[in-house]
Amino acid sequence: MRRSLPLTLATCLTLTSGSVLAAPPASAAPTYRQEVVVAGSPFQGVHGLALDGKGHLLASNLLGQTVHTIDLATGKVSPLVGPPQGGADDVTVGPDGSVYWTGYFAGQLMRRTPDGKTRVLAKNLPGLNSLAFRKDGRLYITQLGRGVDALSEADPSGKKPPRTVIADPGFLNGFEFGPDDKLYGPLLLKGQVVRVDVDTGTVETVAGGFAMPVAVNFDTSREHLFVVDSVKGELVRVRVATGDKELVAKLPTGLDNLTVGPDNLVYVSNMVDNDIRVVNPADGSVKPVVEARLSVPSGLAVAPDDPEERLYVADVYALRRVGGKDGAISQTTRVLSSRMTFPMNVSLSAQHVVLSSAYLGSLQVLDRASGDILRTIPNTNGVQGALELADGTLLVAEAAKGRLVRIATDEAATSTVLTEGLAGPVGLVADTEAAEPGVYVTEVDSGKVTRVRLADGNKHTVAKGLKAPEGIARHPDGGLIVAEVGARRLVRIDPATGRSTVIAQNLNIGLPRVGELPPGYLPTGVAVGGSGTIYMSSDKESALYRFVPVR
């Protein structure tokens, strides 16, 4: 899929995507045409699944903050609940026909009644993950990660606070109640599927030997459990009585959840591929339900001397190489099945790729040639942009702390503060060839682009009055290209004067910040190739765009 519309100096054309490109004055930068590099998806990494009994599949979208319905007869995908209330990691249908879901980052248990009313049932539940109803209508939830590991009972009416049933079970993920009224679910940290008596807290092992089991559901006979193993990319059938295992289908790694239909077909979500597939356990055949090419494209980087302008895309659940000219995806390093930690920003040095992740709070340095991960450095201060300087040290924007820090090359990764007092630093781009080497940083909360001198951390405001600037890149002509997310536009800033020129506007970017993630949330990435073509990620569409100069 490709759209291409040239712009003249006297016109402003609305694209079929709804984007409007404004022609700058004759004295400004060239006009651009907008093109699709990789078409988008309704989801930003699909997670929990449930069937509503009316021919629809419910699918939860954590980072995209939506709950969707999929018409299984037509394949049509429609939003049921949108941002920010729909930030769901798992979803189910209650006995009253209401839809319930868990907000992992928001820490909220949510319900939407059949008449369309949405409310918060419980809050202050960090890491809220999975949920299921017992046959008597009692609701159970789990929390895992973000400092918590627990199974609790929740009140479906929201009148009473959750009550802890088991503390530290070992990361109990997607679960279901069996015909014996006991809970069956996977323990991620132990590689087991277990049976839990929620009345006594007793835990028994049903089957072991999994790499990372993430969800289970019973088949229609209620004698077997289907289990998805995320690391191995396997759908496995377990006989409950004996624990015997049978491989049903081999799938890509990054599986997240499943649900089983009355016809015994198994619907499986994959967060890395941002898709849903249906498996027929009778013959192991696999068919797509929802497909995508990217999951959550955020930070972008391109080598200035690469004539093909191949992009490094921090796709949150993977690092991908995407052809800037043809959109071909040539290489993917996937989370969970590798040591990669949910990349949200990416930058390049001569020999390395630098990734940062506020999702799991870490920085990683990779070898550009081999892709091997050389260093992993924990950082829980809301890391956004990160650069490698000429001496090998890292310069990191700690958005939650409002500062830039240097991280040394020593084994301890010693950190020193370069400057502080920044209002949500997100994007970084180097200006190291200047007489006084420095770095430009976007401040999402203050609406500034600031230059920080590397020698002493001295700050100078380059531009102000912007609305939530995030991604930033240097144009070959020396200008700064900035994603002004709050205004839904792409601008060029003259670093000498601070003058801003609109390149494109009415862009579909800017998911609202949710929960504990730092300023910038899912950063809108910007990169510029040697040809002057500008590349931008769209968080709302899970798409990549390019803006090609036409004069």
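**View 1. Confidence along the protein chain.** The chain has an average pLDDT (the predictor's confidence in each residue, from 0 to 100) of 93, and 95% of the residues score at least 70. Over residues 1–28, however, the pLDDT is below 50, although this stretch has 70 contacts (heavy atoms within 4.5 Å) beyond near neighbours in sequence. Where pLDDT is low, the predicted coordinates should not be read in detail.

**View 2. An open sheet of four strands.** The strands (DSSP runs of E, at least two residues, numbered from the N terminus) follow the order E36-E37-E38-E39 with antiparallel pairing, where a pair needs at least two DSSP bridges. Strands E36 (383–388) and E39 (415–420) stand at the edges with a single partner strand each, so one side of each has no neighbour in the sheet. Neighbouring strands are turned against each other by 25° on average, direction ignored, as judged from lines fitted to C-alpha atoms, with angles between N-to-C directions running from 0 to 180 degrees.

**View 3. The pairing of E37 with E38.** Strand E37 (residues 394–398) and strand E38 (residues 403–407) run antiparallel and are joined by five bridges. Glu398 has Arg403 in E38 as its bridge partner.

View 4. Thr524 lies in the loop between strand E47 (500–504) and strand E48 (526–528). Thr524 is buried, with a relative accessible area of 1%, where buried means under 20% (1.4 Å probe, protein chains only). Leaving aside residues up to four places away in sequence, Thr524 touches several residues, among them Ser298, Glu470, Ile509 and Asp539.

Residues are numbered from 1 along each chain as its sequence is written. Local features need pLDDT of at least 70 and side-chain atom pairs count only at pLDDT 80 or more, while totals for chains, interfaces and linings use all residues, and side-chain values use heavy atoms, without hydrogens and water.

Key:
Buried means under 20% relative accessible area, exposed over 50%, partly exposed in between (1.4 Å probe, protein chains only).
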